[in-house]
Amino acid sequence: MQMLSVVIITYNEEKNIGRCLDSVQSIANEIVILDSYSTDNTVTIAVSKGATVYNNSFEGYIEQKNKALSLARYDLVLSLDADEALDEQLNASINAVKQHADRMGYTMNRCTNYCGRYIRHGSWYPDVKLRLFNRNFVKWGGVNPHDKAEFIAKPNARHLRGDILHYSYETLEEHVNQNNKFSTISAEALFKRGKRTGWVKILFNPFWAFMVGYFVRLGFLDGYYGLVIAVNTAHLTFLKYIKLYQKQKEVH
């Protein structure tokens, strides 16, 4: 049987961290948390549930997660966010992997709880994630704040049954505020990478994001919240590109 390290980054997650840690107790051989100097009870709760907590000033989602990987004792790692938890089926799937790990990594679906309801369609589901892997073959990449676990070598993965349960926004206001925050981070990251935009992307990409989420991927089947999510996804896309455009104008 392989030993498993569960790795999580945190900052002021006292309302989420207990649920997350409770969901991995039966499979984790160690729980490693890299905290960004939380000012609430995150660390106290984590320690009470057996986690080892390290501190590091926040350097970015990608940078923080790669730092957390290096702190794990075991090569087989399950990486979660504090607002996530495992359902029973995924827990059993991961336990089976520990008995016989035959891949470099394992993907799984993520199901988001939005304003108290699980979203089963649209651009938010199945939202496949690579979260269980041998850390010698995977690193965190992507564009902040949208980090992504990526294979260093040729991909070698198997999909597991069960869902990561993602407890996202409790209110619409939280979603709107996060759109504003994440679009700023995205625009800055894209600008630093030399990416530029124009009016075609500013106008078309939000429209296409809505069409894909609401119609192509059947977001309308989630009713009222399916519409809210599709509109907010389009809004996030618009904000990202208009903020990138503003940064372009500032340097000219």
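This report walks through a predicted model of a single chain, from its overall build to a few local details.

## Overall build

Let's begin with the whole chain. It holds 7 helices and 11 strands. Its radius of gyration is 19 Å, close to the 18 Å that the globule rule gives for 252 residues, so the chain is as compact as a globular protein of that length. Along the principal axes, the C-alpha trace spans about 55 × 40 × 40 Å.

Buried residues account for 49% of the 252 residues. The accessible surface comes to about 12600 Å², and carbon and sulfur atoms contribute 53% of that. If you look at contacts between residues at least 6 apart in sequence, 74% of them join residues at least 24 apart.

In soluble globular proteins, nonpolar side chains tend to be buried together. Here the largest nonpolar core has 26 residues, and Ile8, Val24, Ile31, Leu78, Leu86, Ile94 and Leu132 have the most contacts inside it. Several elements each supply at least two residues of this core, among them strand E1 (4–10), helix H1 (17–22), helix H4 (88–99) and strand E11 (157–167).

Leaving out residues up to four places away in sequence, Ile94 touches Leu4, Ile27, Leu78, Leu86, Leu132 and Leu160. There is also a second, separate core of 17 residues, which includes Val7, Leu34, Ala68 and Phe182.

How many of the residues of E6 are buried? The count is 10 of 10. In a regular strand the side chains alternate between the two faces of the sheet. In E6 both faces are covered: Gly105, Thr107, Asn109, Cys111 and Asn113 are buried on one side, and Tyr106, Met108, Arg110, Thr112 and Tyr114 are buried on the other.

E6 pairs in the parallel sense with E11 over 8 bridges, and Asn109 has Asp163 as its bridge partner there. With strand E8 (residues 129–134), E6 runs antiparallel and is joined by 4 bridges; Thr107 stands opposite Leu130. A further antiparallel pairing, over 3 bridges, links E6 to strand E7 (residues 117–119), where Tyr114 is partnered with Arg117. E6 and E7 form a hairpin with 2 residues between them.

## Ser23, a buried loop residue

Ser23 sits in the loop between H1 and E2. Is Ser23 buried or exposed? With a relative accessibility of 12%, below the 20% cut-off, Ser23 counts as buried.

The side chain of Ser23 reaches the backbone nitrogen of Leu86 at 3.1 Å. Apart from its neighbours within four places in sequence, Ser23 is in contact with Ala85, Leu86 and Asn91.

## Backbone details to look for

Most residues other than glycine have a negative phi, and most peptide bonds are trans. Asn12, in the loop between E1 and H1, has a positive phi of about 50° although it is not a glycine. At 30% relative accessibility, Asn12 counts as partly exposed. Cys115, in the turn of the E6 and E7 hairpin, has a positive phi of about 55°.

One joins Tyr125 and Pro126, with omega about 15°, and Pro126 lies in the loop between E7 and E8. Another joins Asn144 and Pro145, with omega about 5°; Pro145 is in the loop between strand E9 (138–143) and strand E10 (146–151).

Methods. Residues numbered from 1 in each chain as written. Predicted model: local features only at pLDDT ≥ 70, side-chain atom pairs only at ≥ 80, totals over all residues. Heavy atoms only, no water. Core = buried A, V, L, I, M, F, W, Y, C linked by side-chain atoms within 4.5 Å. Buried < 20%, exposed > 50% of the residue type's maximum accessible area, 1.4 Å probe, protein only. Contact = heavy atoms within 4.5 Å. Pairing = 2+ DSSP bridges. Polar contact = N/O pair within 3.5 Å; in protein donor to acceptor, adjacent residues only side chain to side chain. Rg over C-alpha atoms; globule rule 2.2 N^0.38 Å. Areas by Shrake-Rupley, 256 points an atom, 1.4 Å probe, with all protein chains shown as cover.
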